[in-house]
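This briefing sets out selected features of the structure shown below.

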Amino acid sequence: MDKKLKFVITGHVDHGKSTLIGRLLFDTNSLPDGAMEEIRKTAEMLGRKTEFAHILDHLEEEREKGITIDTAQTFFKTKKREYVIIDAPGHKEFLKNMITGASQAEAAILMVDLNEGIMEQTKRHAYILTLLGIKQLIVAMNKMDLINYSQERFEQVKKELLAFLDSIKIKPTYLIPISAFLGENVAKKSDKIKFYSGPTILEALDTFEKTKSAEEKQLIFPVQDVYDVDGKKIAAGRIESGKVSAGENVIVLPENKAITVKTVEKFLENATSASAGESIGITADDFKFERGQVIAAKEDLPTVAKTFRANVFWMSPNILKKDENLILKVATQEIPCKIEKIERRINSSSLELIGENADRLENTEVGQVIISTEKPVVIENFNEVEEMGRFVLVKDMDISGGGIIIK
Ligand code: GDP
């Protein structure tokens, strides 16, 4: 079975996110024993219909009681693989987690209530997905039952939505008419929605690709410290991606110097190689390691730059001003920097362009900016090597914003 695929469900409030999650869990038999029965009974007692949205409330209660499931990470599985629905989307925390890498979604479902149509958050969330570089997207056109399965209404909202998505340069992989509430086209093909013959939500998810794991990518090993042990100089740090072995020829950046790895050192362990996620040391003959260097594979070198373009989310009540001193953190590199130019200042709720060539970003605003650093920094496009393409900005000791590198 493939590794777990992480995705988020976003969309305007009440457009059916919780209902879809409840449905997915129910239809894939992922609920703890008896949970559904209990939800049904409670609903009956209160004289209301069983709501799939209540599944999440129920899980939340269980969690509070210290039992079973963590709702921040909800799991289910299909024949093909396991899935993790991450985070409670729509919140500011969602952005923060995505940017800082606490949770990285590989795909997204955008929910649109066909009855209500496209709303402010529909647009905002779609836009955020583009900023985060998410390419695998399902638009779930929800509540088909509420519009009497009308193809006309479906086509109308679809046209409007595609025009908007086109304007922000994102193309949904699938656009699926569903009823999350009744489970139409979620796990089972609907026989009520005759005009649609494409995949269900689960079938669509199963076609998505896992992004390469950190281990499968090129070697990136930022040097965090240099130790002198018995006259041996050891460059220590954590491997961000790829693998390294003794005897391998690698490149040290930003010097762009070729060296041969002499030994790979692990704590309390004899080793000749190591891979992503491991904290190790390496040695080489005749080379002076320094903190801040990045050791990379010969092929496919990351970029070394002092200026680059990025999308930044500002998440602090303290205003970000052009040209003020900040610290940029990319992987383990920490380098003084400033925002040299704010090309576009955007209101993340309305998506309205506040200004071009702006002098600041305020709380929750998004900017397309040019960042310049005091020293060369080793970076990559976010879409290529996520670990080197994501950064946070520190102002007055606080992580106040974050972003992704475009070029
Ligand atoms: P969220 O705020 O996006 O999580 O939305 P919920 O999942 O809480 O759904 C909001 C309301 O819409 C609830 O009363 C749901 O039962 C209802 N709802 C969600 N999906 C459907 C659907 O496909 N059909 C109908 N008729 N109602 C739905």
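A polar contact is a pair of N or O atoms within 3.5 Å; within protein, one atom must be able to donate a hydrogen and the other to accept it, and residues adjacent in sequence count only if both atoms are side-chain atoms. By this criterion, a backbone N or O atom of A180 is placed 3.0 Å from an oxygen atom of the ligand.

The model is predicted: local features need pLDDT of at least 70, side-chain atom pairs count only at pLDDT 80 or more, and totals for chains, interfaces and linings use all residues. Residues are numbered from 1 along each chain as its sequence is written, and side-chain values use heavy atoms, with hydrogens and water left out.

Helices (H or I, at least four residues) and strands (E, at least two) are DSSP runs, numbered from the N terminus. Two strands pair if DSSP finds at least two bridges between them.

**Ligand site**

- Around the ligand there are 17 residues, of which D14, S18, T19, E51 and D145 come nearest; a residue is near a molecule or strand if one of its heavy atoms lies within 4 Å of it.
- The shell consists of five nonpolar, seven polar and five charged residues. Here Ala, Val, Leu, Ile, Met, Phe, Trp, Tyr, Cys and Pro count as nonpolar, Asp, Glu, Lys and Arg as charged, and the others, Gly among them, as polar.
- Helix α1 (residues 17-27) supplies the largest share of this shell, with three residues.
- A polar backbone atom of K17 lies 2.8 Å from an oxygen atom of the ligand.
- For F181, the distance from a polar backbone atom to an oxygen atom of the ligand is 3.2 Å.
- On its own the ligand has 580 Å² of accessible area, and the protein covers 82% of this. Accessible areas come from the Shrake-Rupley method with a 1.4 Å probe; for residues, only the protein chains shown count as cover.

**Sheet β8-β9-β15-β13**

- These four strands form an open sheet in the order given, with antiparallel pairing.
- Because β8 (225-229) and β13 (263-265) stand at the edges with a single partner strand each, one side of each is left without a neighbour in the sheet.
- From one strand to the next, the twist averages 30°. Axes are lines fitted to C-alpha atoms, for helices over the stretch in contact, and angles run from 0 to 180 degrees between N-to-C directions.
- Five bridges pair β8 with β9 in the antiparallel sense, and V229 stands opposite K232 in β9.
- The hairpin of β8 and β9 has two residues between the strands, and D230 in the turn has a positive phi of about 50°.
- Strand β9 (residues 232-238) also pairs with strand β15 (residues 279-283), antiparallel over four bridges. In β15, A235 has I282 as its bridge partner, and G237 has I280.

**Sheet β7-β16-β11-β12**

- A further set of four strands forms an open sheet in this order, again with antiparallel pairing.
- At the edges stand β7 (220-222) and β12 (257-260), each with a single partner strand, so one side of each is left without a neighbour in the sheet.
- Direction ignored, neighbouring strands of this sheet are turned by 30° against each other on average.
- Strand β11 (residues 249-253) pairs with β12 in the antiparallel sense over four bridges, and V250 stands opposite I259 in β12.
- Three residues lie between β11 and β12 in their hairpin, where N256 in the turn has a positive phi of about 60°.
- Four bridges also join β11 to strand β16 (residues 294-297) in an antiparallel arrangement; the bridge partner of V252 in β16 is I295.
- Four of the five residues of β11 are buried, so β11 is largely enclosed by the rest of the structure. Buried means under 20% relative accessible area, exposed over 50%, and partly exposed in between (1.4 Å probe, protein chains only).

**Single residues**

- H125 belongs to helix α5 (residues 120-131) and counts as buried at 4% relative accessibility. Its side chain reaches the backbone nitrogen of G11 at 3.0 Å.
- I335 lies in strand β20 (residues 333-347) and counts as buried at 5% relative accessibility. I335 and V377 are 42 residues apart in sequence and 7.6 Å apart in space, C-alpha to C-alpha.
- E365 is part of strand β23 (residues 365-379) and is buried, with a relative accessible area of 10%. E365 and G247 are separated by 118 residues in sequence and by 48 Å in space, C-alpha to C-alpha.
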